[in-house]
Amino acid sequence: PLGQTLEVEARKAAVALFGRECVAWKEMLAEGEAVDLSFVCADQRVVRAHRLLLAGSSPMMRRVLKGPLGQVTTALHVQSSPGQTQVTLMECRGWAVDRLVQFLYGGKLRVSGAAELAELFSVSRHLDVAALQEAAEDGLLELLTVETCCDLLMIAEESGCSRVLEGCRRLVLEQYGGVSRSGSWVNLAENEVELVLKNERLVAVDEEQVLSGAMRWMSHGMKDRLANGRAALRGERLAMHIRFATMSTHQLQQLQQDPLIARSQRIRAMVEQGLSVHRAGTAAQPRQGLRNPAGARSAVGPAMQQQQQQQQQQHAGAVARAGGAVSFAFDPARSHANHLIRESGTLAVLREEGDSEHSALLSPAIPRAGRHFVEFLIENSGTPECYIQLGVCSGTHDVANGTPAYQSDTGWCFSCHNGNLLHYDQGSEYCSKLPRQGDRVGLLVDMDRRTLEVFVNSEGQGVMVRNLPETLHFVVDGGDKGQAIRIINAASPVRS
């Protein structure tokens, strides 16, 4: 997924004249007409451009080009002759500078994956070209999923993409269960893992899931460490951020028998301390983000539970108001009775055969600005033909009486059965990818552009719907007994 080709574009017209894009500059560059600036790059490649355009696109280049000739910094050297200026860039590769120039003249680029985007971000930051910095970060955020999160986090940290880094860290907290099972989770630096584990708002099913992710990271490479006579677990101190006392007595007793835990005297002592809290009957404070703090329920009274629920609701509202990553879940109150909503709203199962498809809506409503993404796993398609529809709706159709979203004039759904867009009970051809049992379907809503795009197994199928209304919910329509649809990525990589 990180290597996929995508197009990034400027948020405003590249070169404008009288409020319209001016293509003359691009034509002049292609023909070498009036070109008066040359970049000599670190690999000796020469990239040519116009002084005026670069000065207008970069405050730093404007200062450099009007400054004294022959000036030298650690990053560049400026020389000039009649009608020509040469800028030697000591830290930028030629291909990236060439793509930067092409972007400034044309306003868009096709880029092959995260590595190219990160280098373009670094070069544009080096030359103070804000338009490409924004576009490169936007492109990186388009690649952000549970599976790519840790790799993107490391790329963003190395290249200095602060907005991408923030989005990755937010997704780790919101989708800890999935991210901590991803392949690159174990490659994160210890300090990054610690930032996650000690965060009060880490979202997980329970503290045991938090520990499971931590132990997966700590035990990585254990065989090599033991062969070299070192401790079996790396970063054992991370366990001090696990709230063992919020686990149930049964969970803690099982941990005492765990062979990995047995390898660490330090962690064994923490487990025993958790059991001591239970024996003493002392209340243990769970994280705000836990969906099912089972151990804490035995030690915390109803009043404390109510207070924790209020805190979680306040936090969710604050995230939504701030434009941060929003976690969506199936809402039993907004779903047909034939949908059994389980596992804290992450799984919808059809109880019986329906005379028609039935809707299960996700809450909260999709925020009215930004980009919002949900990915579903088809755990059970019910029938081989996979009569499941996934999309968006206003939520005004008659859910309770069995009207599916795709039959209404305020619902737009992707048909897994035939790849069509379904709206107002009419179908129109959309894509040839037909998801079946075991496949993943992602929905990306861009509320700034009012568009809906479908992804099948992380592969984008292009925009399916344009001109969406302001008020929307994600929705799943299903009607065959046993159909099971799971939310596996419910966080929104939102652009600020």
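**Reading a fold, step by step**

Me: Which residues does phenylalanine 244 touch, not counting residues up to four places away in sequence?

Reply: Phenylalanine 244 touches Leu211, Ala239, Leu252, Leu255, Ile267, Met270, Val271 and Gly274. Contact here means heavy atoms within 4.5 Å. Before we go on, this is a predicted model, where local features need pLDDT of at least 70 and side-chain atom pairs count only at pLDDT 80 or more, while totals for chains, interfaces and linings use all residues. Residues are numbered from 1 along each chain as its sequence is written, and side-chain values use heavy atoms, with hydrogens and water left out.

Me: Which residues touch the most other members of the largest nonpolar core?

Reply: A nonpolar core is a set of buried Ala, Val, Leu, Ile, Met, Phe, Trp, Tyr and Cys residues joined through side-chain atoms within 4.5 Å. Buried means under 20% relative accessible area, exposed means over 50%, and partly exposed lies in between, using a 1.4 Å probe and protein chains only. The largest core has 90 residues, and Phe39, Val87, Trp185 and Phe244 touch the most other members. Helix α4 (residues 94–106) gives this core its largest share, seven residues. Another core lies apart from it, with 36 residues, among them Cys386, Val441, Val454 and Val476. Across the protein, buried residues make up 52% of the 496 residues.

Me: How many helices and strands are there in the protein?

Reply: Both are DSSP runs numbered from the N terminus: helices are H or I with at least four residues, and strands are E with at least two. The protein has 17 helices and 22 strands.

Me: In what order do the seven strands of the open sheet stand?

Reply: The general idea is that strands of a sheet pair through backbone hydrogen bonds, either parallel or antiparallel. Two strands count as paired if DSSP finds at least two bridges between them. Here the order is β10-β11-β22-β13-β18-β19-β20, and the pairing is antiparallel. β10 (339–342) and β20 (459–465) are at the edges with a single partner strand each, so one side of each has no neighbour in the sheet.

Me: Where could I see a parallel pair?

Reply: Look at β4 and strand β7 (residues 84–89), which run parallel and are joined by four bridges. Leucine 37 has threonine 85 in β7 as its bridge partner. β7 also pairs with strand β6 (residues 76–81), this time in the antiparallel sense, over six bridges. There, glutamine 79 stands opposite glutamine 86. The hairpin of β6 and β7 has two residues between the strands, and glycine 83 takes a positive phi near 80 degrees in this hairpin.

Me: Which residue other than glycine has a positive phi of about 70 degrees?

Reply: That is glutamine 44, found in the loop between β4 (37–40) and β5 (46–49). Its relative accessibility is 59%, so glutamine 44 counts as exposed. Arginine 450 also has a positive phi, near 60 degrees, and lies in the loop between β18 (440–446) and β19. With a relative accessible area of 24%, arginine 450 is partly exposed.

Me: What about the peptide bond from serine 363 to proline 364, cis or trans?

Reply: This bond is cis, with omega near 0 degrees. Proline 364 sits in the loop between β12 (358–363) and β13.

Me: How many aromatic pairs are there?

Reply: Rings of Phe, Tyr and Trp (its six-membered ring) pair if their centres lie within 6.5 Å; planes under 30 degrees apart are stacked, over 60 edge-to-face, and the rest tilted. The count comes to five aromatic pairs. In one of them, tyrosine 176 and tryptophan 185 have ring centres 5.7 Å apart and planes at 90 degrees, so the pair is edge-to-face. Both tyrosine 176 and tryptophan 185 are buried. For phenylalanine 330 and phenylalanine 376, the ring centres are 6.2 Å apart and the planes at 40 degrees, so this pair is tilted. The pair links distant parts of the chain, 46 residues apart: phenylalanine 330 is in strand β9 (residues 329–335) and phenylalanine 376 in strand β13 (residues 371–380).
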